[in-house]
Amino acid sequence: MEEYAREPCPWRIVDDCGGAFTMGVIGGGVFQAIKGFRNAPVGIQHRLRGSVNAVRIRAPQIGGSFAVWGGLFSTIDCGLVRIRGKEDPWNSITSGALTGAVLAARSGPLAMVGSAMMGGILLALIEGVGILLTRYTAQQFRNAPPFLEDPSQLPPKEGTSATGYPSYQQYH
């Protein structure tokens, strides 16, 4: 099944990297704002300053970590599409596992295996939910009545103008 909303492979890496950075900055910014507010000294001025400082310092770092994950994932996914010659959920699952393993490489082989399993399982769950949602929404429309034609494209009825409004002669 062809995904029509995704960019072609070389551009997908940049697109996913930017999207992951944005998600990381926004999500990390919200989390760090709450954390900075709670950890600051008493007083609204101190708490607001602590919140802003936490966001300023940590949100770009979190966004960068998300961007690295997204870029590596998309790079591996594009490589698998090229090698296997098809785009299916197995590419995403394998990409998640390999991304987890590569990012944990500095922690040793045991950490690599654990991260690979977590990445593969996480992506398998995401892909599975996506497939289930696609099937569920497709099943909803299976029994729906066929789409009616666009009324503006139908020939005008007797006694009406081409626009669908009653003609001038009908009233005079």
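Predicted model: local features only at pLDDT ≥ 70, side-chain atom pairs only at ≥ 80, totals over all residues.
Residues are numbered from 1 along each chain as its sequence is written, and side-chain values use heavy atoms, with hydrogens and water left out.

The secondary structure comes to five helices and zero strands, where helices (H or I, at least four residues) and strands (E, at least two) are DSSP runs numbered from the N terminus; read along the sequence, the pattern is α-α-α-α-α. Of the 172 residues in the chain, 24% are buried, a term that means under 20% relative accessible area, as against over 50% for exposed and in between for partly exposed (1.4 Å probe, protein chains only). The accessible surface comes to about 13000 Å², and carbon and sulfur atoms hold 67% of that surface; these areas come from the Shrake-Rupley method with a 1.4 Å probe, and for residues only the protein chains shown count as cover. Among contacts (heavy atoms within 4.5 Å) with a separation of 6 or more, 49% join residues 24 or more positions apart.

Helix α1 has 31 residues, which should span 45 Å at 1.5 Å a residue, and the 43 Å between its end C-alpha atoms agrees with this; the expected span is 1.5 Å times one less than the number of residues. Its buried residues are C9, R12, A20, G24, G28, G29, Q32 and G36, and what covers them includes α2.

G36, which lies in α1 (residues 9-39), counts as buried because its relative accessible area is 8%. Leaving aside neighbours within four places in sequence, G36 is in contact with R47, G50, S51 and A54, and its C-alpha atom is separated by 7.4 Å from that of N53, 17 residues apart along the chain.

S74 belongs to α2 (residues 44-84) and is buried because its relative accessibility is 1%. Apart from neighbours within four places in sequence, S74 is in contact with R12, I13 and D16. The side chains of S74 and D16 make a polar contact at 2.4 Å, that is, a pair of N or O atoms within 3.5 Å, of which, within protein, one must be able to donate a hydrogen and the other to accept it, with residues adjacent in sequence counting only if both atoms are side-chain atoms.

Finally, an unreviewed UniProt entry places a "transmembrane region" at residues 110-133; such positions are given in the numbering used here, with feature names shortened, and annotations may be inferred rather than shown by experiment. Over residues 110-133 the chain is 100% helix and 0% strand, with the end C-alpha atoms 35 Å apart.
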